[in-house]
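Hi there,

Here is the structure I promised to pass on to you. Have a look at it first, and then read on for my notes.

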Amino acid sequence: MTDVSLCVPNEPEYLRVIRQIAMVVGAKADLTLDALDEGQLASDEAANILMKFAQPDDSLYFDWEAQPGALHLRARARCLLSELPDLPETLEYAWVIISAITSNLDIFLQNGEVHVNLTVESAM
Amino acid sequence: MLSAGAVNDLILELRSPDVTTSRAEAIKSEIIEGHQGLIRHFIRLRDPQIYEDLVQIGTIGVLTAIEKFDLDRNVSFGTFAGEQIKGELSHFLRDDGTIRISRSVKSNLSDIRAAQDTFVAQNNAQPSFTELESCLNLKRSEIFNALQANQSTHFASLNDPDIHIDVAITQNEYDFIDEWESVRPAIDLLTPLDRKILGMRFIEQKKQGEIAKELGMNQMAISRRLTSILEQLRHEVNTE
């Protein structure tokens with residue numbers, strides 16, 4: 001079940017809104033403050049990944065879901081490419097960051113859309 | 001840095017009625033140039049987006065010191081200039097719109113930090129949001145505002161104890177290669193403490209709470225610094 005859905009233009013000015021929603025939904029998931037912080041960072045990085053591959057004048061879609069101790073994000077956008085490149089090589093340090101802060105990360109292309117699905121959890 | 005005697009001689013010459021305008025400007029430039037290290041020492045945190053602005057603010061501090069320095073007092077120019085630089089930087093950091101935080105938000109931040117520290121000391125674990133909320137007499141929206149303010153404050157106060165933490169780190173302690181190559185120049189500009197925090201989080205894969213415990217800092221301070229560090233890295237990528 002989705003707690004919050006958001007559709008924004010593919011423009012970096014909306015990152016602030018994305019971070020803020022991630023914080024509020026993360027608090028609903030009762031994350032620790034560091035996981036809350038990383039939920040925002042992961043949402044921010046997911047948005048940056050979408051911006052990199054999405055059509056310039058298109059929209060980005062986000063669905064956040066809170067579960068006890070875990071924040072899930074499903075994000076998508078229409079993709080510029082017909083095939084995704086090697087992600088660690090293309091995203092470089094951003095890949096290191098998003099891989100380190102998520103307990104689950106899945107980036108794939110489906111029906112012409114790039115999807116970023118991820119989970120951030122409080123440390124056990 | 002110029003010696004105390006050399007600065008005193010230059011100031012004496014500057015205040016002489018015979019000094020020409022061009023010579024006066026040259027003297028001021030020489031003194032400012034000779035105190036760049038002092039200015040950069042007081043800036044400490046390096047955000048490439050406004051670092052040069054802060055150098056300019058520090059330079060104003062040196063100019064004020066040149067004007068006000070009393071040669072008859074038993075204080076070196078460097079000591080006096082240091083106070084002026086600190087004053088100008090504090091004034092700027094306090095008043096500049098990019099980091100202005102209301103008193104109530106500051107107070108809430110301080111309460112959150114204290115509640116978090118107490119919880120960690122008693123339970124040896126980070127509190128969940130609900131646990132933290134139950135220790136505070138704050139509305140949820142006030143907590144969100146404070147946490148957001150914490151992240152948007154790139155520059156800690158010059159009196160912030162965290163800013164004075166000194167860590168020993170060698171250039172090769174963390175293997176910032178391959179995936180980090182595009183942000184290498186920004187990493188090279190980080191302070192040793194920020195470099196250590198970056199390495200601990202993303203190379204050693206430690207959680208913010210663990211880093212805070214190990215470095216004797218608060219998790220919120222780590223959060224603030226990581227936000228600032230990652231913004232610096234992104235800035236580096238975007239300006240390539």
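To start with a definition, two residues are in contact if their C-beta atoms, placed from the backbone, lie within 7 Å. By that rule, the contact between the chains takes 19 residues from chain A and 25 residues from chain B. On the side of chain A that touches chain B, H1, H2 and helix H4 (93–101) each supply at least two residues. H4(A) gives the largest share of that side, five residues. Sorted by class, the side of chain A that touches chain B has 13 nonpolar, two polar and four charged residues. Here Ala, Val, Leu, Ile, Met, Phe, Trp, Tyr, Cys and Pro count as nonpolar, Asp, Glu, Lys and Arg as charged, and the others, Gly among them, as polar.

Some housekeeping before the rest. This is a predicted model, in which local features need pLDDT of at least 70 and side-chain atom pairs count only at pLDDT 80 or more, while totals for chains, interfaces and linings use all residues. Residues are numbered from 1 along each chain as its sequence is written, and chains are lettered from A and ligands numbered from 1 in the order in which they are written.

Now chain A. Its secondary structure comes to four helices and five strands, in the order β-α-α-β-β-α-α-β-β along the sequence. Helices (H or I, at least four residues) and strands (E, at least two) are DSSP runs, numbered from the N terminus. Of its 124 residues, 43% count as buried. A residue is buried if 20 or more other C-beta atoms lie within 10 Å of its own, exposed if 12 or fewer, and partly exposed in between, with C-beta atoms placed from the backbone.

Helix H1 (residues 15–28) of chain A packs against H2(A) at an angle of about 145 degrees, with the axes 8 Å apart. Axes are lines fitted to C-alpha atoms, for helices over the stretch in contact, and angles run from 0 to 180 degrees between N-to-C directions. Among the residues making this contact are Ile18(A), Ala22(A) and Gly26(A) of H1(A), and Leu36(A), Gly39(A) and Ser43(A) of H2(A). By class, the contact of H1(A) with H2(A) has eight nonpolar, four polar and two charged residues.

Chain B has twelve helices and zero strands. Buried residues make up 28% of its 240 residues. Helix H10 (residues 192–202) of chain B is mostly covered, with nine of its eleven residues buried; Leu193(B), Ile197(B) and Phe202(B) are among them.

Which residues have the most contacts inside the largest nonpolar core? They are Ala42(A), Ala46(A), Leu50(A), Leu71(A), Leu73(A), Ala75(A) and Ile197(B), in a core of 62 residues. Helix H2 (residues 33–53) of chain A provides the largest share of this core, nine residues. A second, separate core of 14 residues includes Ile31(B), Leu54(B), Ile57(B) and Ala81(B). A nonpolar core is a set of buried Ala, Val, Leu, Ile, Met, Phe, Trp, Tyr and Cys residues joined through C-beta atoms within 7 Å.

Finally, is His91(B) buried or partly exposed? His91(B), which lies in helix H5 (residues 77–95) of chain B, is partly exposed because 13 other C-beta atoms lie within 10 Å. The C-alpha atoms of His91(B) and Ile57(B) are separated by 9.6 Å, with the two residues 34 apart along the chain.

Enjoy exploring!
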